[in-house]
Every structure is written in C-alpha cells, then in structure tokens.
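Please read it with the structure open.

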Amino acid sequence: MRTVTPGMWDHEHETTDVWPGRNWPLGSSWTPEATNFAVYAPQATRVWVCLFDDDGVEHRVELLEQSLGVWHSAIPAVPVGTAYGYRADGPWLPSEGLRFNAAKLLLDPYGQAVCGQLASHPAVFGYLTDAPTQRSELDSAPYVPRSVVVHDSFDWGGEVPLRRRWRDTVIYELHVKGMTALHDRVPEELRGTYAGLATPAVTDYLRDLGITAVELLPVHQFVSEPALAARGLVNYWGYNSINFFSPHNAYSASGDRGQQVTEFKQMVKAFHDAGLEVILDVVYNHTAEAGPLGPTLSFRGLDDLGYYQRVVDADGRPQRPDTYWDVTGCGNTVDATHTQSLRMILDSLRYWVNEMHVDGFRFDLMSALTRTNQTVDMGSHLLTAIGQDPVLRHVKLIAEPWDTSMDGYRVGEFPPPWVEWNDQFRDTMRDFWGGQSRGIRTVATRLAGSSDLYADDGRSPYASVNFVTAHDGFTLRDLVSYERKHNEANGEHNADGSDNNRSWNCGVEGETDDQRVVALRRRQARNLMTTLCLSAGVPMLTAGDERGRTQRGNNNPYGQDNETSWIDWRPDDAWLDVYEHTKTALRLRREHPALRQRHWFEGRPAIRGGAKDLAWLHPQGREMSTEDWYDESIRVVGMFVSGNPLRSPGPRGEQLHDKSFVVWLNSEPEPVEVTFPENQWVQEGEIVLSTDTDNPPGTLVTAGQTVRLQGCSGVVVRQT
C-alpha cells in the first residue's frame with residue numbers, strides 16, 4: 001500500500017491510501033472496499049485520477065502502476081456517484097501525433113456515466129488558439145464533463161431476450177427527446193427522457209401501431225460541436241459521441257450521477273415488457289474531438305496515435321502523424337484496426353447487450369469501420385470479431401453501408417449476419433410515386449426484396465432494411481410538400497443538407513390551404529406507406545411520419561432541438577388517415593406470412609400444379625413480357641403473391657398456407673384501368689387496403705374484372 005499526500009481525498013486524514021490495483025477491467029470498478037481505476041495511455045509518462053467532492057473540489061491521486069500500456073491503482077472508500085476524470089502527462093509533439101497535456105481533464109473512455117456538460121471556452125483545447133503548435137496551460141476542469149463512479153444492481157427479474165425474427169420485425173426510428181418533448185399524456189417532468197419513453201403513452205402507442213422494435217438515435221454520451229454552439233445551436237441528433245459506455249445524461253429525469261444508468265435499464269425493461277425490442281444507433285466511426293484542432297476531451301489526451309487514423313503510404317505507414325484521415329466528414333476516423341480501439345468498440349457493444357439488455361445496433365457510417373489500410377474490407381478486424389463473438393453475433397446488426405467517401409458506398413456487400421439500410425429502396429420508391437421512374441423493372445425488384453443486392457451471397461430478403469425517410473432528410477409529409485430544402489434556420493445559408501431529395505410538392509411549395517393539393521399529398525403519403533409496409537424486407541418507419549410530422553422543409557435539422565424536430569401530438573394537424581392506413585398495412589403484414597416471407601420469390605409454383613409464388617401483372621391482366629419490362633412508359637405495377645402454399649415451411653417442417661394477394665400501384669397522375677387476371681387459383685377477392693376513394697376497403701372484385709384506379713393510387717386485394 002502506498003500513500004500520496006498531494007490532493008487529499010479523505011479530509012479527515014493527511015494521506016490517501018493508494019493500492020496497486022489491477023489493469024483490468026478498464027474504467028472504474030467499485031467495491032465497498034476500494035475502487036479500481038484503469039486507463040489505457042501507453043505513451044504517457046504520468047497519469048492521475050482526479051476525484052471531485054460534493055463541493056466540486058478536485059483531489060488528484062497519481063496512478064502508480066503501469067502494465068501493458070494500462071495505468072492503474074485502487075483507491076479505498078470512494079463513494080458511488082463520485083465524479084472523476086484523468087490527467088495524462090507526456091510529450092507534446094503534435095507533428096508526431098503526441099498531444100499530452102496534464103492541464104486537460106479527460107473523460108474515462110470506459111466510464112459508465114457522465115455528469116455535467118461541455119462549455120465553450122478556450123481551455124477545452126489542448127493548444128493555444130492563436131498558436132496551435134504550443135501547448136495550452138489553461139485548466140479545462142471547470143468546462144468539461146466528468147465521468148462518474150457507478151455501481152448499479154438493477155433487478156431485471158429474470159428477463160430473457162425477445163429474439164424476434166428479422167422477417168417479423170418492424171422498426172421505428174425515434175429520438176429519445178423528440179418523441180415525448182411535446183407529449184401531453186406523458187408527465188411533464190418525464191418528457192424528453194428515458195423515463196418518458198417508458199410510459200404506457202409511448203409503449204401502448206407503438207404496439208398498437210404495429211411496431212416491434214425501436215431504433216433510438218444516438219444515446220451514447222455526446223457533446224455539441226464548438227462551431228454549432230457558436231451559432232447558438234446544439235447537437236440534437238447526437239452523432240457526436242464522446243463516450244461509448246455512458247447513456248447520454250441530458251435524457252435522464254432522475255439525475256446524472258449514475259441515475260441515468262438505472263433509468264435507461266428501466267426504459268429497456270418497459271419496452272421489453274411491451275414486446276418491443278431496443279436497437280441503438282451507434283457512432284463508433286468518429287468522436288466529438290473532431291480534427292487535430294478540436295477539443296481535448298478524452299481519447300486525444302490518452303492515446304491520440306492509437307485511436308485515430310492517419311493518412312498512410314502504400315505500406316500502411318503514417319505519412320503525417322499530425323494529419324487525420326477523415327472519411328466521416330467529422331474531422332477524424334476511429335482506427336478500428338488498432339488493438340485498443342477495436343477492444344473498446346467490442347467491449348462497448350457487449351456492455352450494452354449484457355448489462356443494458358439492448359437487442360441490437362445500427363452502425364452509423366459502417367464502411368468507415370471496415371477499413372484495412374484504409375481500404376474497405378469485408379473481412380476486416382471488426383466484422384470478423386463481431387461475426388465470431390458468442391454474444392454479438394446473435395443480436396440484430398444493421399449497417400449503414402457507406403461513409404462520406406466515393407469508395408465507401410457498399411450497399412449489398414456486408415456479410416451475414418448483417419442487414420443493411422437500403423437507400424436504393426428509398427430512391428426507387430420516391431421516384432416511382434413522384435412520377436420520375438423509367439418503367440417498373442427496378443420498382444418490382446425493390447418490392448420483392450432487392451434480390452439484385454442480397455440474393456447472390458446467400459442472404460434473405462430481410463437483409464434489406466427498407467425505408468423511404470429517416471432522421472436525415474425530409475419527413476414523409478415534407479417529401480410530398482417540398483421540392484427544395486429550407487434549412488435557413490440552421491445558420492449555414494441553406495448550403496447544408498442534401499439537394500437530392502427526389503421529392504414532389506404536388507403543385508405548391510410548402511404548406512397550403514388548397515384542399516385538392518392537401519388531399520393529393522395525403523394520398524401520396526399513404527401510397528409510400530403501402531409500398532414500405534408491404535415490400536419484402538424489414539420496414540423502418542421514421543417517428544411521426546404516420547402522423548404527418550413536418551419540419552417545414554428543413555432536411556437537416558441536426559441542430560434544431562425545438563419544435564422543428566419534436567413530434568407534435570396535437571390531433572388538429574395530424575394526418576390521422578395516414579396513421580390508420582399505416583396501422584392497417586402493418587396489421588396485414590403481421591397477420592399474413594405471405595407478405596413477409598423468408599425465402600426469395602422464384603416466379604414458379606411452390607408445389608406441382610400450383611400457382612406461381614409471384615407473378616407480375618400488366619394492366620391488361622396478363623403477365624409482364626420481356627418487352628414490357630423494358631417499356632419505360634409503364635408506370636403501373638401489378639403484383640400477385642400466392643399464399644397457397646408458402647414456399648417457407650413451418651417450424652416443424654409443415655407446409656404453410658395463407659391467403660393470396662394482388663397489389664396494384666398506379667403512379668400515373670391520371671386514372672388507369674387494370675384487369676384482374678383470369679386464373680384457376682383465385683376467383684374472388686376483397687380490397688383490404690386502398691388509397692383510391694372510388695375503390696374503398698370492402699369492395700369485392702372477381703377474376704377477369706376491370707377496375708378503374710385513380711391517378712396516384714393503389715389497392716391491395718386479399719383472396720376471399
């Protein structure tokens with residue numbers, strides 16, 4: 001046992017006991033006897049853990065042991081909830097990628113909770129703002145968040161994972177705060193928090209709609225970019241992580257001294273009790289420390305060379321250690337080939353599964369993490385490690401299969417068990433309903449699961465996560481109301497956000513009192529929901545789209561933590577017809593396995609003498625010919641799906657039977673006559689979903705009958 005006199009922790013004694021401790025696990029590990037602190041900083045010369053008492057007074061204790069690059073010691077009698085950070089000293093040689101600065105208080109990369117917020121002040125930067133090569137001696141402690149010693153013994157009550165199959169999954173992408181900030185049926189003190197999400201007002205709503213999994217926008221502790229804060233805005237979406245183990249403290253209704261951990265677990269349990277899985281949108285590809293001139297908050301002050309990728313030569317050696325390699329658009333790219341960075345990502349993922357009981361992850365800009373010598377590699381360290389991990393390989397894994405580089409676009413290439421955001425589904429369906437598609441060849445491929453992207457490597461249709469909107473871009477309502485982005489409120493002169501919206505305003509830009517335009521917009525929104533909910537693959541809805549949420553044409557409100565981004569739960573402006581339509585479409589999907597099949601359609605009978613499992617229909621009532629597929633003037637899709645029998649067997653190998661369906665989709669602005677084909681398998685059907693007021697649900701149709709579809713409308717017919 002050693003004693004250290006500077007920076008006394010115990011006011012009642014003249015010394016502080018410091019034990020050697022151990023170099024694992026990383027982070028702070030509390031016991032009633034002592035708390036072990038372990039942090040990776042292989043090139044540091046000295047490291048201190050800085051403990052803060054209830055008055056905010058800092059007490060520095062030097063970590064006296066180092067092994068395998070990890071500095072560690074154990075300190076007796078540290079209370080749970082204690083705020084702490086690290087200081088690391090060592091060479092200040094930015095030209096060599098060494099940026100040690102003991103004046104900067106650093107978050108623990110493995111800390112399980114964070115208290116406080118980042119303030120805008122020159123002290124948060126490791127260098128002098130007017131001389132970037134010189135080290136700043138300003139103390140950053142008053143201006144940066146701090147890690148928290150956590151000990152949480154939450155009782156999960158014997159809960160087991162839901163393990164819902166992909167083909168039975170419907171995802172709802174939501175923002176923790178935006179979902180409830182304006183919700184009148186959530187107690188006011190809980191709005192915008194994990195506890196608010198856990199209320200029946202939310203879980204009952206989602207379950208009633210037909211959702212099976214929520215995908216939470218980033219909940220890892222994040223901070224706002226200094227440039228954004230300078231414009232009086234905050235990072236609302238959260239794609240600026242600074243810690244990968246801590247639930248974001250601003251979403252906690254109960255406190256930020258570890259209470260956020262318990263509150264997050266209570267939220268997960270409430271979702272699970274409601275039959276809803278929890279998927280986290282995770283941002284491991286970069287950190288909030290940005291480029292070399294960004295703030296020093298954690299990783300940069302501990303092992304700058306290890307955590308961040310540099311530009312390399314042909315042999316993989318850094319060309320300029322002071323220059324980051326950036327394919328994230330955020331100033332840095334985490335080096336997932338480095339042993340400690342890779343370990344941290346894997347440890348974080350396992351922590352959220354084992355300790356927080358989440359059910360899966362959506363990886364932001366996943367291509368950036370697959371790089372080997374900065375080339376996209378589907379056999380990369382991270383993909384290989386996750387694929388063989390006994391915990392991670394069985395959770396839901398969703399890749400955003402691109403980054404900001406040209407070579408990073410890899411839709412259709414990620415290996416099993418990964419599924420992918422399919423932006424080609426989004427673009428195809430937007431073009432089709434916006435009257436911009438050339439023929440229906442690609443439309444049909446997307447409706448049937450995008451076999452061109454996923455069938456060649458043995459994956460199933462559910463490898464495609466289908467969406468028509470996401471947090472990034474127009475909402476569904478804005479997609480049919482604006483042809484141009486309107487991002488002036490972001491303070492970037494409307495230069496930010498995508499110009500490739502593939503939108504159609506239905507004749508008027510923005511909100512209007514013209515009821516004909518409004519009716520067309522609502523019909524288009526329902527059309528898009530029809531194709532989203534009933535296409536092969538996994539549908540993902542964006543929160544509020546089913547209610548007509550609008551951002552007033554802003555397609556990049558990442559800094560708008562206000563009513564621009566929050567869901568308006570008032571009924572007076574809600575598109576309740578879209579809500580009811582979406583709910584019905586998801587119910588049809590849930591009740592009929594013919595509409596969510598695991599196997600690819602083959603265009604031939606599942607049994608001898610039966611109907612084809614899938615047939616594409618010409619408006620004249622015949623099957624599409626080769627010439628039809630290349631006819632760019634056709635903008636009507638007819639799709640027959642046989643349910644008698646299904647190609648996929650039941651759980652005991654039994655043959656399954658379901659109703660058969662015919663779907664007609666007319667993207668022409670004018671009415672079109674379509675003929676239901678003469679056949680020996682389906683003689684009569686009932687319209688069960690419709691955006692055509694002339695052919696409402698309940699209408700009966702027979703084989704050989706011709707039906708006049710309104711412009712921009714569709715019907716779904718179920719065999720009777």
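1. K485 is buried, with a relative accessible area of 8%. Its side chain meets that of D499 in a salt bridge, at 3.1 Å from N to O. Keep in mind that this model is predicted.

2. Where do the two partners D499 and K485 lie? Both sit in the loop between α12 (476-479) and α13 (515-534), so the pair ties together parts that are 14 residues apart in sequence. D499 is exposed, at a relative accessible area of 63%.

3. Now consider D364 and R362. Their side chains form a salt bridge, with 3.3 Å from N to O. Is this pair buried or exposed? D364 and R362 are both buried.

4. D514 and R516 form another salt bridge. Here the closest N and O atoms are 3.8 Å apart, and the cut-off is 4 Å. D514 is partly exposed, with a relative accessible area of 28%. R516 is exposed, with a relative accessible area of 70%.

5. Which residues are linked in a network of salt bridges? The members are D423, R426, D427, D431 and R502.

6. How many salt bridges does the structure hold? The count is 49. The pairs discussed above are among them, including D499 with K485 and D364 with R362.

Note on methods:
Residues are numbered from 1 along each chain as its sequence is written. This is a predicted model: local features need pLDDT of at least 70, side-chain atom pairs count only at pLDDT 80 or more; totals for chains, interfaces and linings use all residues. Side-chain values use heavy atoms; hydrogens and water are left out. Buried means under 20% relative accessible area, exposed over 50%, partly exposed in between (1.4 Å probe, protein chains only). Helices (H or I, at least four residues) and strands (E, at least two) are DSSP runs, numbered from the N terminus.
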